Amino acid sequence: MGGRTTAGLAGRAGQSGEHDKGATLANRQAEIVLSLQGITKRFGPLVANDGLDLTLHRGEILALLGENGAGKTTLMNILFGHYVQDEGSVRVADQILPPGSPGAALAAGVGMVHQHFALAENLSGLDNIRLGTEPLMRLGASRAARRKIERIIAESGLEVDLDRRVAALTVGEKQRVEILKALYRDVRVLILDEPTAVLTPQEAEGLFTVLRRLAANGLGVIFISHKLGEVLAVSHRIAVLRAGRKAGELLTAQADRRAIADLMVGKAVAEVRRSAPTPGKALVEFRKVSLARGVARAPLTDASFTLRRGEIVGIAGVSGNGQAAIAALLSGLAVPSSGQVLLDGTPITSANPRALVAAGVARMPEDRQHDGVVGTMSIADNIALEEVRGKPFARFGLLDRKAMRARANAAIAAYDIRCPGSDTEARLLSGGNAQKLILARVLEREPRLILANQPTRGLDIGAQSEIHRRLIAARDRGAAVLVISEDLDELFALADRLLVVHAGQVSDAGPSAALDRGSVGLLMAGQSITAPLGVPA
Amino acid sequence: MSFRLEPRTHTSLRLKLAVSLLAALVALLVVAVPVLLAGGNPFSAYGLIVQGAFGSPFALSETLNRATPLILTGLAAAVAFRARLWNIGAEGQLYIGALAAVLVGSGLLAIPAPLLIPAVMIAGFLAGGLMMVVPTILKQRFGADEVVITLLLNFVVILFVQLLIEGPLKDPLAMGWPQSVPLLAEARFDKLVPRLRMHWGLVVGLAAALLLWLMVRKTVLGFEIKAVGENQAAARFAGIPVHRTMLKVALMSGGLAGLAGVGEVAGVKFYLSSDLSPGFGYSGIVVAMLAGLSPIGTVFAALFVAAVFVGADSMSRATGISNYLADLVVALSLLCVLVGSFFLRFRVRYQRPALVGGR
């Protein structure tokens with residue numbers, strides 16, 4: 001099996017000049033540590049993986065790109081033994097893994113860092129790393145483990161205080177503990193699922209440095225991501241999945257954004273263009289607003305900012321710095337502990353989502369599966385969810401199912417929600433289609449204010465640009481749009497003006513056109529809140 | 001050889017019915033073992049159960065009579081469980097409903113005769129409902145667990161009822177038996193058929209099932225209850241008043257259990273005693289689970305459970321096999337249905353032995 005070269009696998013997306021680069025890579029990475037062959041997995045009529053082949057070499061960083069529903073998660077679940085493939089085999093080093101055995105995958109040296117960390121918050125970093133590998137109570141083992149972990153830290157640069165409780169660590173440090181946990185088990189293959197979603201650009205850069213160093217030491221890394229910029233920055237090779245198949249595979253050195261984006265969606269992606277904003281009167285005003293911790297995950301302190309009609313304002317920040325509080329206030333889930341939130345001059349005094357909806361506020365929740373849809377209810381029900389009491393969905397307390405279905409069918413057509421029909425349960429929708437459902441629900445009323453919290457997180461580029469287009473169209477119609485996002489690319493593409501949150505403080509960074517990623521990144525990290533960089537005084 | 005489980009994306013009605021029937025069949029097969037051990041013939045024992053439950057107008061009436069409170073307590077559990085409100089207190093709510101019926105309908109209050117039956121029913125419904133509303137408020141305010149509260153309240157209520165029927169409510173004409181003063185004749189439910197015990201409470205139960213079914217299927221309230229039960233966070237985000245909806249559910253659930261108590265007092269016994277219910281409240285949970293929390297299904301599940309108990313009594317008299325067999329059949333049916341519901345959610349996949357190669 002080892003005879004194949006990377007160049008030979010580069011696939012149909014390869015370009016001229018591929019051979020030279022491929023050859024040098026092939027020399028360095030001759031040994032194949034992981035090979036998936038002909039993986040096919042069906043869920044009833046749905047083919048999640050369709051004859052997928054994937055190879056990973058020693059010392060290689062392979063980026064796995066693809067929209068939600070493209071089959072990345074299914075493929076990784078098969079690799080891990082959580083699912084049993086219908087056809088095909090998983091080979092780690094020289095060993096074919098028995099299907100459906102997570103234990104075998106772990107034993108063969110496959111490690112995974114999930115997007116949501118699996119750490120025991122009340123234990124130290126050291127104990128978390130050992131947890132599951134060995135009994136924590138064994139005498140003397142702790143010292144040997146510490147020596148081993150310290151060696152790994154020295155080799156990889158994954159600096160972390162091993163004795164601190166995990167609860168006291170930053171998100172970036174927690175992620176390092178997760179990676180150390182995998183490395184401690186002597187993995188040959190490390191899979192990272194969207195690792196940068198919770199990091200600042202600077203932290204992400206640090207992670208990339210670590211990954212490069214780990215790869216140089218011979219680790220094979222699979223890097224799952226939606227963000228093209230970082231995929232191009234960190235990977236050696238890119239495999240693009242689309243609709244369960246491999247849409248293409250190419251060497252990063254020869255790839256460019258357009259080519260990858262086209263591969264992901266299978267058609268040329270229209271660049272979303274944004275004309276200059278024509279902001280009108282102020283619509284939303286935050287006046288020294290504070291919200292205590294408890295209502296939201298992190299408090300908000302004395303936040304003051306204005307949102308005008310006809311402009312898109314982006315809120316940048318590392319997650320957990322007060323975004324949830326702003327969203328809760330504008331979603332009608334909370335009222336300020338002090339200060340005022342004015343909507344069109346009137347203060348919001350009660351936490352009442354219905355009143356806000358009636359006042360023309362469109363709300364897209366951060367966690368669409370958790371807060372946005374009721375998974376076991378139909379698409380029609382979910383589209384009616386916010387307005388089920390009024391016309392046209394109900395009369396005298398009785399539901400008008402026909403009206404609900406009609407609205408749903410119109411939305412399915414207008415927003416291109418891919419589903420068998422309006423009776424389909426919402427849990428069966430992919431992330432992008434669930435988000436389109438929510439978009440259809442909230443945009444139908446021509447809202448004055450749109451709160452878009454992580455509007456495209458986890459979505460493919462096609463759905464992303466569709467949602468961006470709709471938000472920009474709403475702005476051009478005169479709506480005020482507030483976009484909260486962890487994706488700086490998205491904020492720069494969408495926002496006319498940027499706010500940055502850090503530790504509950506909001507600072508106005510000014511027009512996005514006058515900003516660069518670096519200065520926003522510094523603001524996100526809490527530096528010079530008072531004198532934003534990159535803004536002319 | 002090994003088996004794997006995978007979640008199903010869709011469950012057809014046919015599969016649901018097939019699994020239910022299979023579950024009942026398996027339960028009967030398993031119960032055949034203790035019947036054999038007791039020296040009986042399973043076939044004739046089951047035959048006698050069926051005959052004892054449905055074999056004569058009298059048997060049928062007894063079965064329906066037994067099913068009446070079970071329909072109502074079953075609906076009480078079903079409506080609450082659909083909203084993920086765990087009401088384990090139907091037994092206590094039944095007794096409180098019965099107590100309210102006695103207080104209102106025994107002449108202690110001057111109520112015009114034609115209004116007595118509605119007054120008795122409303123009082124029983126509200127009293128039972130209140131018994132569930134209070135724990136729900138405690139849950140919402142303080143995070144108190146409603147399972148613990150409602151379960152323990154059952155004992156409190158029954159002791160309270162005993163206190164009353166030994167004291168202020170004791171019937172002086174009952175020759176010292178601990179029972180309450182009887183209901184006025186005008187407050188009693190009529191018999192459905194002369195000389196048979198079944199009464200209008202059965203119609204109340206069937207009507208309640210129908211109304212609940214309509215509520216679930218057709219009304220905004222049913223829609224909101226479903227949303228709150230299935231995903232409270234999304235319901236709250238969408239502006240559905242979660243707490244208020246839960247309180248409505250609590251009122252309905254407790255109220256239905258209270259009505260079960262009214263039915264037993266107004267339709268069967270005419271007075272309140274501490275042996276009014278042989279655990280109808282708890283059996284209601286079994287009934288609701290057997291029915292998959294469906295209002296219409298609850299009627300059939302209640303009939304099944306009632307038939308097994310009534311039939312087993314008669315079978316026991318004929319064969320000498322203990323009527324505890326009824327408990328066995330019902331308990332095993334529930335277990336089988338629960339196991340069956342697992343297979344409704346998951347698909348079992350068989351896979352060949354894995355090849356471990358490359359050695």
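**Close-up views of a predicted two-chain model**

**Figure 1. Polar contacts between chain B and chain A.** Across the interface of chain B and chain A, 10 residue pairs are in polar contact, both residues of each pair being at pLDDT 80 or more. The elements of chain B that give two or more residues to the side touching chain A are strand S1 (2-7), helix H7 (201-218), helix H8 (220-230), helix H9 (232-237) and strand S2 (346-351). H8(B) supplies the largest share of that side, with six residues. By residue class, the side of chain B that touches chain A divides into 12 nonpolar, seven polar and 12 charged residues. The structure is a predicted model, and the values in these legends are computed from it.

**Figure 2. Extent of the interface and one of its salt bridges.** The contact involves 40 residues from chain A and 31 residues from chain B. Between the two chains an area of about 2900 Å² is buried, and carbon and sulfur atoms give 57% of that area. Two salt bridges are counted between chain B and chain A. B:Glu224 and A:Arg354 form a salt bridge, with their closest N and O atoms 2.8 Å apart.

**Figure 3. The largest nonpolar core and a separate core.** The largest nonpolar core has 113 residues. Within this core, B:Leu256 and B:Leu272 have the most contacts. Leaving out residues up to four places away in sequence, B:Leu272 touches B:Tyr95, B:Ala98, B:Leu99, B:Val102, B:Val161, B:Ile165, B:Gln179 and B:Ser180. Another core, of 49 residues, lies apart from the largest one; among its residues are A:Leu65, A:Ile179, A:Val221 and A:Ala261. In soluble globular proteins, nonpolar side chains tend to be buried together.

**Figure 4. Chain A as the setting for the remaining views.** Chain A contains 19 helices and 22 strands. It has 537 residues, of which 55% count as buried. Among the contacts in chain A with a separation of 6 or more, 67% are between residues 24 or more positions apart. Over all chains, the structure holds 43 salt bridges.

**Figure 5. Surroundings of the buried residue A:Arg497.** A:Arg497 is in strand S21 (residues 497-502) of chain A. Because its relative accessibility is 12%, A:Arg497 counts as buried. A polar atom of the A:Arg497 side chain lies 2.7 Å from the backbone oxygen of A:Thr306. The side chains of A:Arg497 and A:Glu311 are joined by a polar contact of 2.9 Å. Apart from neighbours within four places in sequence, the residues in contact with A:Arg497 include A:Leu307, A:Arg308, A:Ile312, A:Val313 and A:Gly314. A:Asp508, A:Gly510, A:Pro511 and A:Ser512 are also among the contacts of A:Arg497.

**Figure 6. The salt bridge of A:Glu311 and A:Arg308.** A:Glu311, which also makes a polar contact with A:Arg497, meets A:Arg308 in a salt bridge of 3.1 Å, N to O. A:Glu311 is buried, with a relative accessible area of 2%, whereas A:Arg308 counts as partly exposed at 31% relative accessibility. Both A:Glu311 and A:Arg308 are in contact with A:Arg497.

Figure 7. A:Arg130 and A:Asp127 form a salt bridge, the closest N and O atoms being 3.4 Å apart. The two residues are separated by about one helical turn because they are three residues apart in helix H5 (residues 125-130). A:Arg130 is buried, with a relative accessible area of 1%. A:Asp127 is partly exposed, with a relative accessible area of 21%.

Figure 8. A:Arg475 forms a salt bridge with A:Asp476, with 2.9 Å between the closest N and O atoms. A:Arg475 is buried, its relative accessible area being 2%.

**Figure 9. The buried residue A:Ala303.** A:Ala303 is found in strand S12 (residues 300-308) of chain A. Its relative accessible area is 0%, so A:Ala303 is buried. Not counting residues up to four places away in sequence, A:Ala303 touches A:Phe286, A:Arg287, A:Lys288, A:Val289 and A:Val506. A:Ala303 and A:Leu471 are 168 residues apart in sequence, and their C-alpha atoms are 25 Å apart in space.

Definitions and conventions: Residues numbered from 1 in each chain as written. Chains lettered and ligands numbered in written order. Predicted model: local features only at pLDDT ≥ 70, side-chain atom pairs only at ≥ 80, totals over all residues. Heavy atoms only, no water. Contact = heavy atoms within 4.5 Å. Buried area = accessible area lost by both parts, 1.4 Å probe. Salt bridge = Lys/Arg side-chain N within 4 Å of Asp/Glu carboxyl O. Polar contact = N/O pair within 3.5 Å; in protein donor to acceptor, adjacent residues only side chain to side chain. Helix = DSSP H or I, 4+ residues; strand = E, 2+ residues; numbered from the N terminus. Nonpolar A, V, L, I, M, F, W, Y, C, P; charged D, E, K, R; others polar. Core = buried A, V, L, I, M, F, W, Y, C linked by side-chain atoms within 4.5 Å. Buried < 20%, exposed > 50% of the residue type's maximum accessible area, 1.4 Å probe, protein only.
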